[in-house]
Amino acid sequence: MTISKSEQLFSRAQNSIPGGVNSPVRAFKSVGGNPIFLKNARGAYLFDADGNKYIDYINSWGPMILGHAYTPVVEAIQKKAADSTSFGAPTELEVEMAELVKSLVPNVDLVRMVSSGTEACMSALRLARGYTGRNKFIKFEGCYHGHADPFLVKAGSGVATFNIQTVPGVTGGVSNDTLTCAYNDLDAVQQLFAENKGEIAAIIIEPVAGNMGCILPKEGFLEGLRRICTDEGAVLIFDEVMTGFRLAPGGAQERLKIDADLVTYGKVIGAGMPVGAFGGRLEIMKQIAPLGSVYQAGTLSGNPLAMIAGYTLLQELKNNPGIYTELEEKCAYLKAGLQRVLEASGTPFVINQLGSMISVHFSDHPVTDFASAASANNALFNKFFHAMLRRGVYLPPSAYETWFLSNALTQEDLDATIKATEESLKEIL
Ligand code: PMP
């Protein structure tokens, strides 16, 4: 496999882009080596600048549920672009989009569009604070809610991948209001509420975590958070930027049968265009400007190209619920295959999976929170990543990221992935 064009592009990129990339995890810094520059993608496959083909398990970090360059989405964007790329004024399409979201997520009374997952979470937190009149909030170690200041405390994803303990530029004044504890530790949450009586505005959580690898909520954990928030008058925010419309049409709320007060979306809701959204109960959402005085705004919010892309994808998902069954079957098949070859290799491993989210930790203990994810053999994962890449399988370049399946994957792709895993393990162990 030649990657000379990628190498050339990376050295050129470093002269004009910080670290040569527009988002840190792309840099391959923790797995070693230089990033692959992509040219195009179709269905389940990525093609790089040198023409190499990869089976994709990143899927733009989630949104490509039906694969890349999905024809109805591409055609809808092309058609819409002819009517202008932005108005900064209301359109019928925004109303249709909000109605579609409400039909998929019944406990969302009102939904506001933004342009990224970061904006969605940042705005939901401000709203929870404005609504409760309290400042503090709880997030979980290893969860990532975007790069807004209050969330960059014990965060997952790139912050964990690059082992950044404190982020320069985030002031103590801000981070002091961010309370953290371990994922799945209900007692610790209870203790934080006891120590900060009447001061906690919200709990924000990835209901299935994807930013420290894939980590599942233990039975009763999310139910416990729901109960505590209700008892304490705090707002429960589900960050469904990864899980929304992926684990079920109604996201993790539907799949796990728990109602949050506010929900945030990103990625999937724009089918890969820059979109995010937050929504929830009327009583809370009506505090948002112009209904209320919790200010939140965006020139490009509800952008017509972003809306038509997301609307087209969500409509497909709504009309074809069988997609979720197919995705689940594909992921179960992959999991069984990975399990088989990993067991045969003799190396300790843990596979966490729900729906079409899955990840492998090279660990001899269950991986249920950030500490257990961090104490896995992540150096081995880094070697595994490169061995898989050389065999044409593109995994996220960090053990602290979940893998996402698209429904464009075929049986042959899954078999090829399992075979590549078997060969990679032979090479690196
Ligand atoms: N929340 C979660 C759960 C995420 O995974 C991400 C991005 N990986 C974000 C928020 C931030 O989204 P964005 O990168 O679109 O700002």
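Me: Which side chains meet in a salt bridge at 2.5 Å, N to O?

Reply: Keep in mind that this is a predicted model. The general idea goes like this: side chains of opposite charge can pair when their charged atoms come close. Here, arginine 390 and glutamate 427 are the pair, with their side chains meeting at 2.5 Å, N to O.

Me: What other salt bridge does glutamate 427 make with an arginine?

Reply: Its side chain also meets that of arginine 391, at 2.8 Å, N to O. Arginine 391 lies in the loop between H14 and strand E13, 36 residues away from glutamate 427. And there's a network here: salt bridges link Arg390, Arg391, Lys419, Glu423 and Glu427.

Me: How many salt bridges does the structure hold?

Reply: The count is 11. One of them pairs glutamate 141 with lysine 154, at 3.9 Å, N to O.

Me: Now accessibility. Is glutamine 353 buried or exposed?

Reply: Buried means under 20% relative accessible area. Glutamine 353 comes in at 13%, so that residue counts as buried. Compare the arginine from your opening question: arginine 390, at 48%, counts as partly exposed.

Me: What does the side chain of glutamine 353 reach?

Reply: Look for the backbone oxygen of glycine 355, which that side chain reaches at 2.9 Å. Glutamine 353 itself is part of strand E11. Leaving out residues up to four places away in sequence, glutamine 353 touches several others, including Cys214, Leu216 and Lys335.

Technical notes: Residues are numbered from 1 along each chain as its sequence is written. This is a predicted model: local features need pLDDT of at least 70, side-chain atom pairs count only at pLDDT 80 or more; totals for chains, interfaces and linings use all residues. Side-chain values use heavy atoms; hydrogens and water are left out. Helices (H or I, at least four residues) and strands (E, at least two) are DSSP runs, numbered from the N terminus. Buried means under 20% relative accessible area, exposed over 50%, partly exposed in between (1.4 Å probe, protein chains only). A polar contact is a pair of N or O atoms within 3.5 Å; within protein, one must be able to donate a hydrogen and the other to accept it, and residues adjacent in sequence count only if both atoms are side-chain atoms. Contact means heavy atoms within 4.5 Å. A salt bridge is a side-chain nitrogen of Lys or Arg within 4 Å of a carboxyl oxygen of Asp or Glu.
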